[in-house]
Amino acid sequence: MLFYIFAAIAVLSGAYMVLTRNLLYAGFSLLLTLLSVAAIYVLLFADFVAVTQLMVYIGGVLVLILFGIMLSSRVHDKSVMSENTNVGWGITISLLTLIGLSYTIWQAGFSSLPWIQQAGTDVLAGQKSTVQLIGVKLMTDFVLPFEIASLLLLIALMGAAYIATDKQKV
Amino acid sequence: MLAFLLTLMLLLGIVIVLAYAERKVAAFMQDRMGPTEAGPYGSLQSVLDVLKLLQKEDIVPAAADKKLFKLAPILIFAAVFAGFAVIPFTPDLIPAGIGIGVFYLLAIISLDVVGLLMAGWGSNNKYAMLGAMRSVAQIVSYEIPAGLAILSVVMICQSLDFQEISYQQGVLLNRFPGLEFETNWLFGIEALGINTTNIGGITTWNIFRAPLLLVAFVIYFIASLAESNRAPFDIPEAESELVAGFHVEYSGFRFAILFLAEYSMMVLVSLVAVILFLGSWNTPLPNLTTLKFANWTTGTIGELSGILWGSFWLLSKTFVLLFLQLQIRWTYPRLRVDQLMHLCWKVLTPVALGLVLLAGIWRLLMV
């Protein structure tokens with residue numbers, strides 16, 4: 001029941017975000033979408049992922065987006081509006097993606113997968129949270145992707161710092 | 001639901017006391033009398049202030065973005081209040097004992113930032129906008145040293161659960177499920193050979209279990225001042241240049257909510273500091289041979305004595321920190337923007353990063 005409420009909120013706010021012309025409202029409805037997705041993660045026993053979602057996407061990405069909109073919009077003393085272009089192509093591609101995804105999900109037959117049938121409601125099995133499990137996995141099975149991701153972030157950080165510095169006139 | 005109401009009542013009570021204390025401390029620091037008329041020593045002043053605010057007209061500026069303007073105070077207060085959900089008040093009283101409480105708290109505070117931006121933008125006023133921008137820039141920057149200081153505590157305690165961290169800092173250590181066979185050593189080092197598990201008191205507080213956390217505590221306290229926009233980090237609402245910052249257009253009930261959210265933020269960051277560094281709801285008095293001060297002032301878990309002692313110690317330590325916050329406001333002048341960023345990025349963050357490394361090494365000494 002809770003799932004359907006949060007899913008409805010996520011879908012409705014997502015639709016509003018796409019349809020509204022005001023970029024700032026789109027940003028704020030993204031907040032609602034991200035929050036309800038985090039709630040769905042909680043319902044799936046993924047507490048760490050849910051909080052990370054709050055931390056990274058709302059605390060980081062969304063604030064950056066809002067900052068970007070606010071700093072750039074008051075130049076002409078009116079709110080930034082988005083415009084529609086490429087309507088035909090956009091509709092075609094999104095419809096094709098929808099058909100492709102639906103076909104794949106239909107073909108997968110989730111209810112007959114063995115690990116889903118075995119999974120019970122007691123996913124945590126006495127553990128208080130998934131943090132320890134995720135930590136151990138990151139340092140053993142997935143240490144290479146983890147380190148590569150951190151290297152990528154470091155490169156992005158250095159690139160951003162380089163672009164932002166005042167270039168000395170030679 | 002009961003936890004929600006109780007926490008809300010407790011918070012309202014603390015905030016009213018705090019608003020009164022703020023005026024009295026300010027008056028004391030400036031050699032004035034402060035409020036004297038309403039009630040004995042003016043003690044009803046802040047209650048009457050709240051009543052006055054509730055009666056005022058709710059003004060929404062004509063040029064404001066009405067939806068955002070009305071929504072923002074609710075979002076700001078909800079974000080701060082959601083943080084109280086994971087705060088343990090006594091050994092067995094915690095609104096929501098989730099296993100990743102510390103991480104959740106750090107994340108939920110960042111929702112506050114979105115609310116501030118909403119308020120600043122919705123007001124459609126250049127002072128409000130500038131105040132919101134400054135406030136958000138400051139909060140986002142100071143989250144980093146605060147988060148790193150908290151991380152060093154988490155590394156020492158090996159837990160993200162506020163209640164587990166609380167139990168580790170006192171004589172009740174072995175009563176927490178999962179910690180039955182743990183022992184506390186003086187300074188956390190077994191080689192010193194002084195078992196403090198049954199001594200308790202101040203010797204098992206985190207700043208004693210690992211003395212380097214004292215530095216982390218100072219860093220966290222400075223950063224928490226910035227996160228709650230307190231002086232000397234109050235450029236977001238610098239009266240002399242911005243009138244009042246992001247809440248300049250708000251009046252009546254909405255202003256009361258914003259005011260409440262701001263003071264709740266102060267209470268929240270002080271509570272977190274007490275829980276993580278200053279022994280949570282544990283007594284500061286240690287057991288000395290036959291004088292079992294720690295046992296006498298802890299009470300029994302699950303009974304009224306445990307609840308009363310636990311909440312007494314937690315709240316009194318929190319009030320000490322809050323008093324310090326009030327005192328600092330009237331002691332230090334406001335920092336300029338460049339000084340603010342210098343302090344955050346070039347002083348606090350490197351020191352906090354070093355602390356995280358040292359905390360890891362200390363943890364290795366502890367096992």
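Me: A residue counts as buried if 20 or more other C-beta atoms lie within 10 Å of its own, as exposed if 12 or fewer do, and as partly exposed in between, with C-beta atoms placed from the backbone. What makes α7(A) hardly covered?

Reply: The count of buried residues among the 22 residues of α7(A) is 0, and the helix is therefore called hardly covered. This is a predicted model, in which local features need pLDDT of at least 70 and side-chain atom pairs count only at pLDDT 80 or more, whereas totals for chains, interfaces and linings use all residues. Residues are numbered from 1 along each chain as its sequence is written, and chains are lettered from A and ligands numbered from 1 in the order in which they are written.

Me: How do you know that the length of helix α7 of chain A agrees with its number of residues?

Reply: Helices are DSSP runs (H or I, at least four residues), numbered from the N terminus, and the expected span is 1.5 Å times one less than the number of residues. For α7 of chain A, residues 143-164, that gives 32 Å, and because the end C-alpha atoms are also 32 Å apart, the two values agree.

Me: What does B:Ile307 touch, not counting residues up to four places away in sequence?

Reply: With contact taken as C-beta atoms, placed from the backbone, within 7 Å, B:Ile307 touches B:Thr90 and B:Leu93.

Me: How do you know that domain 1 of chain B is in contact with domain 2 of chain B?

Reply: The bounds, which come from an automatic or database domain assignment, divide chain B into domain 1 (1-55) and domain 2 (56-366). Across that division, 18 residues of domain 1 of chain B are in contact with 15 residues of domain 2 of chain B. On the domain 1 side, α1(B) gives the most, with 12 residues.

Me: What is the make-up of residues 102-121 of chain B, in helix and strand?

Reply: Residues 102-121 of chain B are 100% helix and 0% strand, with end C-alpha atoms 30 Å apart. Residues 255-281 of chain B, by comparison, are 85% helix and 0% strand, and their end C-alpha atoms are 33 Å apart. An unreviewed UniProt entry lists both spans among the parts of chain B under "transmembrane region", although such annotations may be inferred rather than shown by experiment.

Technical notes:
Helices (H or I, at least four residues) and strands (E, at least two) are DSSP runs, numbered from the N terminus. Two residues are in contact if their C-beta atoms, placed from the backbone, lie within 7 Å.
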